[in-house]
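This report covers charged and aromatic side-chain contacts.

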Amino acid sequence: MKKIQLFGATLFLVFASGLFIYSINGNQKEKMLKEGTTQYFPTEVDFAGEKAPLQIADVKERFDRELLVNANLHSSTILVIKRANRAFPIIEPILKQYGVPDDFKYLAVIESALVNAVSSAGARGVWQFMPETAKEKGMEVSETVDERYHLQKSTEAACKYLLKAKEKFGSWTLAAASYNGGMTGVNNKIDEQKVNDYYDLLLTDETSRYVFRILALKEIMKNPSLYGFDIAKYELYSNIPTKVVTVDSTITDLAKFAKAQGINYKILKIHNPWLRDKKLANPTKKVYQIEIPTQGY
């Protein structure tokens with residue numbers, strides 16, 4: 001009799017579980033099975049409030065590709081999550097000040113992985129400006145000073161570009177795409193193809209992937225645990241406190257200058273990567289602000 005009762009109870013549990021599973025829809029089942037893995041796929045995504053049409057087959061597949069690639073680039077993705085804790089507090093208020101959506105900080109992530117990268121074409125810095133574009137946006141680029149390596153100033157320059165692109169295209173998504181494909185390049189494709197939505201345009205392979213890479217990094221970095229990344233807060237990189245020293249004259253020896261500030265040449269260059277030489281030539285008496293760390297060295 002007890003065996004019959006036990007069997008009946010087991011049968012009831014199996015039946016009840018089956019009812020529960022079949023009472024939820026397919027997307028929910030996938031979510032239950034994939035959360036916390038590199039195969040997790042969100043039900044919807046947007047860039048700067050502009051929703052990505054995942055119901056379109058090729059859009060969904062292109063987004064899926066970038067999610068899978070970046071979720072499985074474990075060391076690279078962990079590093080950008082750690083670096084973001086240091087870079088985003090600098091980038092975010094500048095974006096807000098200029099009225100540029102916060103999502104554009106992820107554009108910087110895919111441009112440079114939040115380091116002062118150098119491309120084969122000559123683009124430099126976190127925002128990857130070419131020399132002439134940098135100068136057009138008000139940055140100094142010389143043998144001794146290159147403000148493309150100055151995070152605050154290059155972020156401001158990026159904002160100026162993006163605001164102009166948004167004014168031209170009427171879409172933040174297209175503005176982001178133009179950061180890779182150029183305003184002229186994207187505009188030519190719009191004229192040729194008679195559509196003005198990024199997700200409807202056939203672009204070069206790099207520009208076609210560009211916004212999807214931003215979306216993928218945004219999703220992973222905002223919700224790392226959903227993709228299997230378990231990073232404790234203490235593991236994230238932090239900004240080191242600094243003081244600002246203002247100079248308006250030539251510094252003939254930056255190593256001696258660093259020593260006079262109580263640090264060394266290496267630390268000076270780490271905190272002021274825009275100083276590109278062993279000296280700071282300043283015949284015009286321009287005012288520069290040099291950051292000197294007060295700890296962490």
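Lys286 is partly exposed, at 31% relative accessibility; buried means under 20% relative accessible area, exposed over 50%, and partly exposed in between (1.4 Å probe, protein chains only). The model is predicted: local features need pLDDT of at least 70 and side-chain atom pairs count only at pLDDT 80 or more, whereas totals for chains, interfaces and linings use all residues. Residues are numbered from 1 along each chain as its sequence is written, and side-chain values use heavy atoms, with hydrogens and water left out.

**Salt bridges**

There are 13 salt bridges, each being a side-chain nitrogen of Lys or Arg within 4 Å of a carboxyl oxygen of Asp or Glu. Three of them are listed here.

| Glu92 | Lys105 | 2.6 Å |

Glu140 is in the loop between helix H6 (131-136) and helix H7 (151-169), and Lys286 is in the loop between H12 and E4, so their bridge ties together parts 146 residues apart in sequence. Helices (H or I, at least four residues) and strands (E, at least two) are DSSP runs, numbered from the N terminus. Salt bridges with shared partners join Glu140, Glu147, Lys153 and Lys286 into one network.

Glu92 in helix H4 (residues 74-98) and Lys105 in helix H5 (residues 105-112) are 13 residues apart. Glu92 is partly exposed, with a relative accessible area of 27%; Lys105 is buried, at 7%.

**Aromatic rings**

Twelve aromatic pairs are present. Rings of Phe, Tyr and Trp (its six-membered ring) pair if their centres lie within 6.5 Å; planes under 30 degrees apart count as stacked, over 60 as edge-to-face and the rest as tilted. Tyr40 and Tyr227 have ring centres 5.3 Å apart and planes at 75°, so this pair is edge-to-face. These two tyrosines lie 187 residues apart, Tyr40 in the loop between helix H2 (26-34) and strand E1 (46-47) and Tyr227 in the loop between helix H10 (205-222) and strand E3 (242-247). Both Tyr40 and Tyr227 are buried.

Trp274 and Tyr288 are stacked, at 5.7 Å centre to centre with 15° between the planes. Trp274 is buried at 4% relative accessible area, and Tyr288 is buried at 4% as well. Elsewhere, Trp127, Phe129, Tyr161 and Tyr179 form one aromatic cluster.
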